[in-house]
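Please read this briefing beside the sequence and the structure shown here. It begins with the fold as a whole and then turns to single places in the chain.

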Amino acid sequence: MGDFNLALVIVAIVVCILVFIVNVYLLINYQHPDDANQAYFPKFVVVFGLSVAAISILMLPADVANRQACQHAIYNGACNLTLPMKQLWLAIYIVDAILVFFVIPFAMFYYEGDQDKTIAKRLKSAMCWVLVTAIVCALLLGILYGLAGKADFTVRHLSSATTSFPNSFDFNNGQQCIGNGARQCSAYSASASSETTWTMRATFPEYVVALATIVGSVLFTIFGGVGIACLPLGLIFSFIRRPKAVITRSQYIKEATELGKRAKELKKATDALHQEERSGSKGRKWRKNVKAVEKEVLLLEDDVKALEEMYPQGEKAETAWAMTVLGYLAKLILGVLGLIVSVAWVAHIVIYLLIDPPLSSFLNEVFIKLDDIWGLLGTAAFAFFCFYLLLAVIAGAMMIGLRLVFVTIHPMKWGATLMNSFLFNVGLILLCSISVIQFCATAFAYYAQATAAQEIFGHNLQSLRGIKYLYKYNVFQIGFIVLAGLTFVYYAAFGWRRKKPSGRFQLSS
């Protein structure tokens with residue numbers, strides 16, 4: 001048993017190193033050329049935040065493997081080299097909360113600060129914003145922990161009379177206990193009035209994790225519910241709306257002229273906003289116009305890319321068109337595979353979580369059978385389903401951001417992602433990763449039973465005052481399913497239509 005545990009520790013260290021390397025690779029290839037050789041602190045926060053998010057997702061499979069390493073031990077402490085998973089869970093999520101509520105906002109305020117100011121003034125401004133945030137969060141946490149930081153457990157008080165020790169034992173279905181009375185133990189014959197509530201105060205780290213999970217669960221329910229449907233359907237309908245053939249040169253000139261007019265209008269609007277910013281009139285209308293311009297720029301970039309696909313130029317025009325066709329075929333294949341995973345997720349939530357008692361353990365049984373085939377196969381499938389939820393969250397945030405004016409969007413584009421977009425998405429991933437783990441620990445409770453995650457996210461979290469009712473009545477799961485269904489209906493009704501070109505862009509007055 002000791003060798004297996006040592007191997008588990010080695011695997012955990014190797015995985016952490018690989019996660020760090022992959023995140024550095026993503027940063028280098030996604031960053032905007034304007035951020036090259038600068039903004040080193042935001043880049044460090046991005047790499048560190050992505051690593052924490054990825055490791056937190058991988059910790060649940062590690063927790064399951066950690067439990068299996070000690071499955072033959074009489075008690076968990078008998079396994080000397082077992083990973084201290086409960087301490088690791090609390091540590092990773094305290095770091096997660098610090099990054100989301102303090103470090104990432106500081107990096108964003110500093111990065112988005114007025115470039116005309118000195119570094120000292122930008123640091124001072126960012127520190128003031130973070131200090132205000134820290135004071136507000138500390139007050140809220142302190143008040144909530146003092147008033148409601150207790151867990152209520154429902155227990156049953158059992159008692160029975162004493163009897164002489166018998167010379168022989170004869171137990172069966174009708175005779176379950178010693179004695180000649182009701183022939184049933186107190187656990188069976190106890191009245192409903194024997195139930196009582198046992199109250200204990202939760203530890204402060206566990207309460208911080210619980211509140212962060214609630215905040216993340218709200219975002220996860222909205223973005224994840226929308227994204228679980230729009231992620232695969234967006235790829236499939238992108239294939240349906242694909243360009244069927246190369247357009248003529250005259251068509252290309254006409255479309256390019258229209259795009260040029262839109263670009264000039266956006267340039268004029270951007271200059272007007274810069275002028276307002278310099279004059280100091282940065283009110284609500286100004287921020288609304290900035291978001292509108294950002295979304296219009298994204299739509300313009302998409303239209304330019306679509307035009308380039310329909311009319312490839314240069315010596316390798318035929319090769320570019322062939323790659324475009326293959327790219328849309330790849331989207332179709334990934335969309336179909338993603339749709340299968342999304343349907344499996346929705347079906348599992350309904351079958352295992354919403355119906356009481358569950359009709360089947362479904363994906364839990366799948367993971368267990370995959371583990372029987374090869375030790376890490378079920379663990380890998382389990383990690384994939386958890387990561388898929390994070391991808392759904394990002395897809396849902398993008399879809400909602402493009403359609404709602406009050407939601408700021410931060411797209412991730414290969415070779416064209418600014419650091420503020422990086423930081424925003426890392427914060428969203430970190431905040432939702434807590435909820436993804438809690439959601440997976442609940443959805444796959446049979447596969448992840450007797451783990452440290454079950455203890456933190458199952459028993460303690462779902463017994464906290466006020467919070468427990470959200471889980472008792474499956475509020476988040478029901479909201480997730482409803483939003484997924486509405487998004488599916490939306491795509492079925494409108495997803496196949498081609499996007500109409502937007503009219504002339506004007507700032508709101």
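Predicted model: local features only at pLDDT ≥ 70, side-chain atom pairs only at ≥ 80, totals over all residues.

Residues are numbered from 1 along each chain as its sequence is written, and side-chain values use heavy atoms, with hydrogens and water left out. The chain has 15 helices and two strands, where helices (H or I, at least four residues) and strands (E, at least two) are DSSP runs numbered from the N terminus.

**Overall fold**
- Of the 509 residues in the chain, 40% are buried; buried means under 20% relative accessible area, exposed over 50%, and partly exposed in between, with a 1.4 Å probe and protein chains only.
- Among contacts (heavy atoms within 4.5 Å) between residues at least 6 apart in sequence, 81% join residues at least 24 apart.

**Surface**
- The chain exposes about 28,800 Å², of which carbon and sulfur atoms supply 65%; accessible areas come from the Shrake-Rupley method with a 1.4 Å probe, and for residues only the protein chains shown count as cover.
- I17 lies in helix α1, residues 2-30, and is partly exposed at a relative accessible area of 48%.
- Y25 also lies in helix α1 and counts as partly exposed at 47% relative accessibility; its C-alpha atom is separated by 9.5 Å from that of V47, 22 residues apart along the chain.
- S51, in helix α2 (residues 40-69), is buried with a relative accessible area of 8%, and touches V19, F20 and N23 when residues up to four places away in sequence are not counted.

**Nonpolar cores**
- A nonpolar core is a set of buried Ala, Val, Leu, Ile, Met, Phe, Trp, Tyr and Cys residues joined through side-chain atoms within 4.5 Å; the largest has 79 residues, and those with the most contacts inside it are W89, W345, L389 and F444.
- Leaving aside neighbours within four places in sequence, L389 is in contact with F220, I228, W345, V436, F439, C440 and F480.
- A second, separate core of 12 residues includes Y207, A210, I467 and F476.
- I467 is found in the loop between α13 (452-460) and α14 (468-472) and counts as buried at 7% relative accessibility; the C-alpha atoms of I467 and A210, 257 residues apart along the chain, are separated by 8.4 Å.

**Cysteines**
- A search of the whole structure finds zero disulfides, a disulfide being a pair of cysteine sulfur atoms within 2.5 Å.
- C386 counts as buried at 0% relative accessibility, and C432 counts as buried at 0% relative accessibility.

**Backbone geometry**
- Most residues other than glycine have a negative phi, and most peptide bonds are trans.
- The peptide bond from D356 to P357 is cis, with omega near -5°, and P357 lies in the loop between α9 (317-354) and α10 (363-373).
- F362 is placed in the loop between α9 and α10, has a positive phi near 45°, and counts as partly exposed at 29% relative accessibility.
- N474, in the loop between α14 and α15 (475-494), has a positive phi near 55° in a residue other than glycine.
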